[in-house]
Amino acid sequence: QSDDSYPPKNCNAANLVGVMWYLQHEVVIKDPPKFGISRILRYKIQTRAPASLLEKGMNFGVRYAYDSQKCTGPGKCDPMYAQYGHFV
């Protein structure tokens, strides 16, 4: 996050390894850093899979990339969301 403070709505989340990879490969390679990122915030969250995923024995769905709040794949997001609901 930049030095601005705002609620964690529509923000990217990752584990520590994912954050460090992103910082090393996409953020600090530019000056100034991409998106003005200057700090890492830590949150504790809980999620619950939609019932349709749980019925298949799954807690998480397919991993999709999002850029500027739009699903960029791989694959098409809408059919999966229509079938299983919005998942993590």
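I take helices (H or I, at least four residues) and strands (E, at least two) as DSSP runs, numbered from the N terminus.

The model is predicted: local features need pLDDT of at least 70, side-chain atom pairs count only at pLDDT 80 or more, and totals for chains, interfaces and linings use all residues. Residues are numbered from 1 along each chain as its sequence is written, and side-chain values use heavy atoms, with hydrogens and water left out.

Entry: Ile-40. I found Ile-40 in the loop between helix H1 (16-27) and helix H2 (51-55). With Leu-16 and Met-20, Ile-40 forms a nonpolar surface patch of about 320 Å² accessible area together. For patches I took residues with over 30% relative accessible area and no salt bridge, joining like charges within 9 Å and nonpolar side chains (Val, Leu, Ile, Met, Phe, Trp, Tyr) within 5 Å. A salt bridge is a side-chain nitrogen of Lys or Arg within 4 Å of a carboxyl oxygen of Asp or Glu. Accessible areas come from the Shrake-Rupley method with a 1.4 Å probe; for residues, only the protein chains shown count as cover.

Entry: Tyr-22. I looked up Tyr-22, which lies in helix H1. Tyr-22 has 23% relative accessibility, so I log this residue as partly exposed (buried is under 20% relative accessible area, exposed over 50%, partly exposed in between; 1.4 Å probe, protein chains only). Beyond neighbours within four places in sequence, Tyr-22 is in contact (heavy atoms within 4.5 Å) with Val-27, Lys-34, Phe-35 and Ile-37. I also noted that the C-alpha atoms of Tyr-22 and Ser-52 are separated by 32 Å, at 30 residues apart along the chain.
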